[in-house]
Amino acid sequence: MILLILSSLVLVVPAQKPTSSPAHRVLPGWFPNACTLVICAPPERDSKDGKQELPRIQELWGPPAPPSKPGSKGDDNLPELESLKTEMKNLQIQLDILKATITKTQKAILAPNGVIVAEKIFKTDGSRGDFDAAQAHCVHMGGTLAVPRNAAENSALQQIVTWHNARAVLGISDRATEGKFEDLNGQVIEYSNWAPGEPNDVGNEDCAEMHPDGKWHDRGCALEWLVICEF
Ligand SMILES: [Ca+2]
Ligand SMILES: [Ca+2]
């Protein structure tokens, strides 16, 4: 009987509206009962075996990114690739400027006694001597007596001859075989820039000299010339 009376009381008592007491302030429309306290808990999920599971990472961090289209992976690196190309281009420009600066510096240091042409350097220290003394001096300096192998080298050597306004001996001779000029290694020369009528071997001329105009003349080997070495 008592239980029947209590059950009736529970059914007729309505839910209480929120109060305006400062100590129990709640949001409008919320009821401060026990159910309100569990809304922050993770949603319960029943697995197939009946156990509860934690929320999936996807639910915590939002939906996954849409799948990329085939071939689009490389496209993401295009801006970086273009940036690298631009950087390399700028570096090449700076390198060219640096090379030009070095070349100018080398010319300034060598002039008026030396010239760079391709991989070769012609240089004089102002020494003078005959053919054998000239070659010995160049070897002592770590080089050999100058031998122009092409027009560019001939022009480079001519610059030094012109600066000194002197004739310079070349590292060639036809002492071994008359009329056949060889370098100091015994190889017949392939390039020459003889003056018209030269070589003429007048009075047994077996050595060669360069004049300020760049032309070659055969002369006696005991003369004294400006010594220019190549390195
Ligand atoms: Ca000769
Ligand atoms: Ca001659």
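Reply: This is a predicted model. A residue is termed buried under 20% relative accessible area, exposed over 50%, and partly exposed in between. With 24% relative accessibility, aspartate 201 therefore counts as partly exposed.

Me: Is aspartate 174 buried or exposed?

Reply: Aspartate 174 is buried, its relative accessible area being 2%. Aspartate 218 is likewise assigned to the buried class, at 1% relative accessibility.

Me: Which residues coordinate the calcium ion (ligand 1)?

Reply: The site is read from the donor atoms and their distances. For the calcium ion (ligand 1), Asp174 (OD), Asp174 (OD), Glu178 (OE), Glu178 (OE), Asp201 (OD), Glu205 (O) and Asp206 (OD) coordinate at 2.4 to 2.7 Å. Along the chain, these donors follow the spacing D-x3-E-x22-D-x3-E-D. Aspartate 174, in the loop between strand E5 (168-173) and E6, and aspartate 201, in the loop between E6 and E7, are 27 residues apart, and the pair links distant parts of the chain.

Me: What are the protein donors of the calcium ion (ligand 2)?

Reply: They are Glu198 (OE), Asn200 (OD1), Glu205 (OE), Asp218 (O) and Asp218 (OD), which lie 2.0 to 2.5 Å from the calcium ion (ligand 2). Their spacing along the chain is E-x1-N-x4-E-x12-D. Here too distant parts of the chain are linked: glutamate 198 sits in the loop between strand E6 (182-183) and strand E7 (207-210), and aspartate 218 in strand E8 (residues 216-219), 20 residues apart.

Me: In what order do the four strands of the open sheet run?

Reply: The order is E1-E2-E10-E4, with antiparallel pairing. Strand E1 (114-117) and strand E4 (144-145) are at the edges with a single partner strand each, so one side of each has no neighbour in the sheet. Within the sheet, strand E2 (residues 120-123) pairs with strand E10 (residues 229-230) over two bridges; phenylalanine 122 has glutamate 230 in E10 as its bridge partner. Helix H3 (residues 78-110) packs on the sheet, touching E1 and E2, with its direction at about 150° to that of E1. Helix H5 (residues 151-164) also touches E1 and E2, its direction making about 170° with that of E1.

Me: Why do the buried residues of H4 line one face of the helix?

Reply: One looks down the helix axis. In helix H4 (residues 131-140), the residues Phe131, Ala134, Gln135 and Cys138 are buried. The buried residues of H4 line one face because they fall within an arc of 95° when seen down its axis. Their cover includes strand E3 (128-129), E4, E5, E7, strand E9 (225-226) and E10. After H4 comes glycine 142, with a positive phi near 95°.

How values were computed
Residues numbered from 1 in each chain as written. Chains lettered and ligands numbered in written order. Predicted model: local features only at pLDDT ≥ 70, side-chain atom pairs only at ≥ 80, totals over all residues. Heavy atoms only, no water. Pairing = 2+ DSSP bridges. Contact = heavy atoms within 4.5 Å. Axes fitted to C-alpha atoms, helices over the stretch in contact; angles between N-to-C directions. Donors = N, O, S within 2.8 Å, 3.2 Å for Na, K, Ca; no water. Buried < 20%, exposed > 50% of the residue type's maximum accessible area, 1.4 Å probe, protein only. Arc of directions from axis to C-beta.
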